[in-house]
Amino acid sequence: MNEGTDGAEGYGLPRYISAHEVAERAGVSRSAVSRTFTHGASVSKATREKVMKAAEELGYQVNDLARGLLANRSQLVGMIASDPETPFRTLQISALSRQLVERGRVPVLIPTDTSETASQASHATLLRYRAEATIVLSGMPSKAFIELAQRNGQPLIAVGRNEEGPDHVRINNARAAETAVQIFAVRGMRRIGLVTSHVGSPNLIEREHAYIQRAGELGLEVLVERADRTDYDGGYLAASSLLARAAEGVFCVNDLMAFGLIDYARNVLGVSIPNDLSVIGFDDVPEARWGAYRLTTFQQDADRLASEIIRVLEARLNDPGAPSIVSQLDLPLIFRNTVKPLESGRAGG
């Protein structure tokens, strides 16, 4: 198979310079060109110089996809993600893509949703292009997707999920939720709220369960509001019901919902934050630092998370038969202006 193609001039299709053309320009054999661009292959210094000079003049680039398929190593890594347009998912995809490219791999983003049709289409695409591994970046794809990937023997890293079998990179949702309860409790709050959604992803479920359990241990009343989606509108709508019940502090399962809740509280009800209501978010998206919000929130560092995903990916590719890897990251709480200060004499965060 040639590493280039003659293209289709006259039909508006790109024309790629072939290795054969480089060989003709350099006055060497086609195999000499291949050896020049193969790491560790034997080729004389003079031949290498002629080939590199010809390649530069012609603008030749090696077809790594064709080479990878021949060697059964495509370097493609699939990223399955729902809601790729949301702030944190955008940061996550950007950070992971950048780090994959820096390591010579080719990231391929496949947007998806909860439907079986979308899940099967996503995985079929990655199999057809012989992706070396798949990274599931959200809790949206069904368990059937995970099972399908495992049946095909493709390395799979699940982020924020809990199925048995694949490698996992998780965040410590329980500790974050328990910390939020503690923050409210030490400020004397007895009636606290939780804003979440009906999406029911593992991350959201873990945050909700830990929050309710810790509040119960401390004798606090928990008011739970669930929106259809985990977004700004969901937070805004949830606020109308939750705040009518006089919650003193609210933990929102992501920053977008916190923004919606804050805007409703301030603009519709005239609530002072943090004097009348304390709010804690989750993710620390860039907007959380904006003057309109200055949101206290748990920080998911997209670069840190991407680095850990890459570490697990490389470990799996280097040792395909190793037991499943499970990594868990703790998240720092970034204090800003949406949680009221401690009263004098009270201890705690």
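**The chain as a whole**

Keep in mind that the model is predicted. The chain contains 12 helices and 12 strands. Of its 349 residues, 48% count as buried. Its accessible surface comes to about 16700 Å², and 49% of that belongs to carbon and sulfur atoms. If you look at contacts with a separation of 6 or more, 68% of them come from residues 24 or more positions apart.

**Salt bridges**

Side chains of opposite charge can pair when their charged atoms come close. How many salt bridges does a search of the whole structure find? The search finds 17.

| Pair | Distance (N to O) |
|---|---|
| R105 and E132 | 3.5 Å |
| E314 and R105 | 3.4 Å |
| R214 and E217 | 3.0 Å |

Start with R105, which meets E132 in a salt bridge. R105 sits in the loop between α5 (87–102) and β2 (106–111), while E132 sits in the loop between α6 (116–128) and β3 (133–136), so their pairing ties together parts that are 27 residues apart in sequence. R105 counts as buried, at 9% relative accessibility, and E132 is buried with a relative accessible area of 9%.

R105 also meets E314 in a salt bridge. E314 belongs to helix α12 (residues 302–318) and R105 to the loop between α5 and β2, so this pair ties together parts that are 209 residues apart in sequence. E314 counts as partly exposed, at 23% relative accessibility.

The pair R214 and E217 lies within helix α9 (residues 202–217), where the two are 3 residues apart and so separated by about one helical turn. R214 counts as partly exposed, with 25% relative accessibility. Elsewhere, R25, K53 and E57 are linked in a network of salt bridges.

**A buried residue without a salt bridge**

Now turn to D263, found in helix α11 (residues 255–267). D263 is buried yet has no salt bridge. Why is there none? A salt bridge needs a side-chain nitrogen of Lys or Arg within 4 Å of a carboxyl oxygen, but the nearest side chain of opposite charge to D263, that of R266, is 5.3 Å away.

Which side chain does D263 join in a polar contact of 2.8 Å? The partner is Y293. Leaving aside residues up to four places away in sequence, D263 touches Y232, Y236, V268 and Y293.

Notes. Residues are numbered from 1 along each chain as its sequence is written. This is a predicted model: local features need pLDDT of at least 70, side-chain atom pairs count only at pLDDT 80 or more; totals for chains, interfaces and linings use all residues. Side-chain values use heavy atoms; hydrogens and water are left out. Helices (H or I, at least four residues) and strands (E, at least two) are DSSP runs, numbered from the N terminus. Buried means under 20% relative accessible area, exposed over 50%, partly exposed in between (1.4 Å probe, protein chains only). Lys and Arg count as positive and Asp and Glu as negative; His and the chain ends are not counted. A polar contact is a pair of N or O atoms within 3.5 Å; within protein, one must be able to donate a hydrogen and the other to accept it, and residues adjacent in sequence count only if both atoms are side-chain atoms. Contact means heavy atoms within 4.5 Å. Accessible areas come from the Shrake-Rupley method with a 1.4 Å probe; for residues, only the protein chains shown count as cover.
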